[in-house]
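Please examine the model below with attention to its charged pairs, its sheet and its domain arrangement. The report that follows treats these topics in turn.

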Amino acid sequence: MPRALITGVTGQDGQYLAQFLHDRGYEVFGLVKGQNNPRGTLLQEEFPFVDVVSGDLQDLPSLVAALEYAQPDEVYNLGAISFVALSFRQAELTANVTGLGVLRMLEAIRMVGGRENPTRFYQASSSEMFGKVRETPQNEQTPFYPRSPYGVAKVFGHDITINYRDSYGLYACSGLLFNHESPRRGVEFVTRKVTNAVARIKLGLQQELALGSLEPRRDWGFAGDYVKAMWLMLQQDEPDDYVVATGQTHSVRDFVELAFQAAGIDDWQRFVRLDERFLRPSEVDLLVGDASKARKVLGWEPTMSFPELVTTMVAHDLDVEQRKAEGRR
Ligand code: GDP
C-alpha cells in the first residue's frame, strides 16, 4: 500500500487529495497543527481514514517526527497561509509558513526520506507568483513578478524546491496551479464568498454583498480536477514543474453575475456594494494559464467548465443555507 503525507490536509485541496489518494488505495497521513485543533476533529469525522499526525511547518523537529511516523512514499506540501489579503496583514508569518515551511519540509525529507525508496515531494506553487504578468498566457517559463507577501513567499518555495532537486537529486515537483475552487473553498476567497452570499440573499437571510474590485480576472478551475494533476506529477519517471490551468479567464464581475443568475436573480447590481476594505495594496489584474505541458506529458485535462463550477457552488450553498435555516426553525 503506498503511503502519502499531506500538509494542509484540512484545507480544500487537502480534503480532495486525501479522498483521491484513499480511492487509489493509499494510506493517507495528514499533518494538522495546533492543540486540539477543531479543523482536525472535523477532518476525522468526515475522512476517518486519514491518520492525523500533529506537526507544524514552522517546527522542523515536528516534520522530522511526522516523516518518521508516516514513512511516506509521497509528500504533498499544501500547507500555507494561502489567503492573499491576510498575507499583507501578517507578512512575516506568511514568509515563515508559506516560504520557509517548504525549506523545512525539504530538509526533513533529506534527513529521514527513505533511502531505498526515496520520498517524492510535491510543492503547491501558485499562479500568484506571476502577479503583474510579464506575458499572457503564463507558462512554466514566464518570469515571476509577485504582488503580495503570499506571492513572494510562494516564489521562494518554488525556487527552493527546484534548488533541492538540482542540488540533492530529490524527486521534487512544483505545480504552478491557477485558482481552483469548489464547495469546499473557504468563504474568505471571493468565489465562495459570492456563492454563499447569493444563496443567503436568495433565501432572504442577507441583504447585500460587499466586495472589493470586480475587475480582476482569474483562470478559475475546479479543485477536484487539480488534485489529480498533483498526483500525476509524482508518478512520472523524472520530476518536473507544470502549470495547471483551464486556459480561460473571467472577471470577478463575470463570476458574480453568473452566480446570481444561477439563483434566478438577474438584477444583481442591486445587491452588490463596493467596500474599500476588500481592496488590496497591490492587485493581480489578470491571470490565464497555458497548461499545454500538463496536457501533453501528464495527459491531464480539466473536466469542469466555468459555468458548471459556478452553478455547482451556488447549488451547494443554497442547499447548506436552506438546511441551516430549517434547523433554526
Ligand atoms: P486570489 O487570486 O488568491 O487572491 O483569490 P481571491 O479569491 O482571494 O481573490 C480573487 C480576486 O478577487 C482578487 O483580485 C481580489 O482582489 C478580488 N476580490 C474582489 N472583492 C473581493 C472580496 O471581497 N474578497 C476576496 N477574497 N477577493 C475579492
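Arginine 200 belongs to helix 7 (residues 190-202) and glutamate 321 to helix 11 (residues 306-328), so that the pair links distant parts of the chain, 121 residues apart. Glutamate 321 counts as buried because its relative accessibility is 2%.

A salt bridge is a side-chain nitrogen of Lys or Arg within 4 Å of a carboxyl oxygen of Asp or Glu. Helices (H or I, at least four residues) and strands (E, at least two) are DSSP runs, numbered from the N terminus.

## Basis of the model

The model is predicted: local features need pLDDT of at least 70, side-chain atom pairs count only at pLDDT 80 or more, and totals for chains, interfaces and linings use all residues. Residues are numbered from 1 along each chain as its sequence is written, and side-chain values use heavy atoms, with hydrogens and water left out.

## Further charged pairs

The structure holds 17 salt bridges. One of them joins glutamate 215 and arginine 253, whose closest N and O atoms are 2.4 Å apart. Because glutamate 215 lies in the loop between strand 8 (209-211) and strand 9 (217-218) and arginine 253 in helix 9 (residues 252-262), this pair ties together parts that are 38 residues apart in sequence. Arginine 253 is partly exposed, at a relative accessible area of 30%.

Arginine 218 pairs with glutamate 283 at 3.5 Å between the closest N and O atoms. The former lies in strand 9 and the latter in the loop between strand 13 (272-274) and helix 10 (292-298), so parts 65 residues apart in sequence are tied together. Arginine 218 is buried at 7% relative accessibility, whereas glutamate 283 is partly exposed at 21%. Salt bridges with shared partners join Glu128, Arg218 and Glu283 into one network; within this network, the side chains of arginine 218 and glutamate 128 meet at 3.7 Å, N to O.

An open sheet is formed by 7 strands in the order 3-2-1-4-5-6-11, with parallel pairing; two strands pair if DSSP finds at least two bridges between them. Strand 3 (51-54) and strand 11 (241-244) are the edge strands, each pairing on one side only. Strand 2 (residues 27-32) and strand 3 run parallel and are joined by 4 bridges, and phenylalanine 29 has aspartate 51 in strand 3 as its bridge partner.

Helix 5 (residues 91-112) packs on the sheet and touches strand 1 (3-7), strand 4 (74-77) and strand 5 (120-126). Contact means heavy atoms within 4.5 Å.

## Domain interface

Domain 1 comprises 3-181 + 221-244, and domain 2 comprises 190-218 + 249-285 + 305-328; the bounds come from an automatic or database domain assignment. At the interface, 11 residues of domain 1 are in contact with 9 residues of domain 2. The two domains bury about 920 Å² between them, 59% of it on carbon and sulfur atoms. This buried area is the accessible area (1.4 Å probe) that two parts lose on being put together, summed over both. Phe88, Arg147 and Glu181 supply 52% of the area that domain 1 buries against domain 2, more than any other three residues.

Note on methods
Axes fitted to C-alpha atoms, helices over the stretch in contact; angles between N-to-C directions. Buried < 20%, exposed > 50% of the residue type's maximum accessible area, 1.4 Å probe, protein only.
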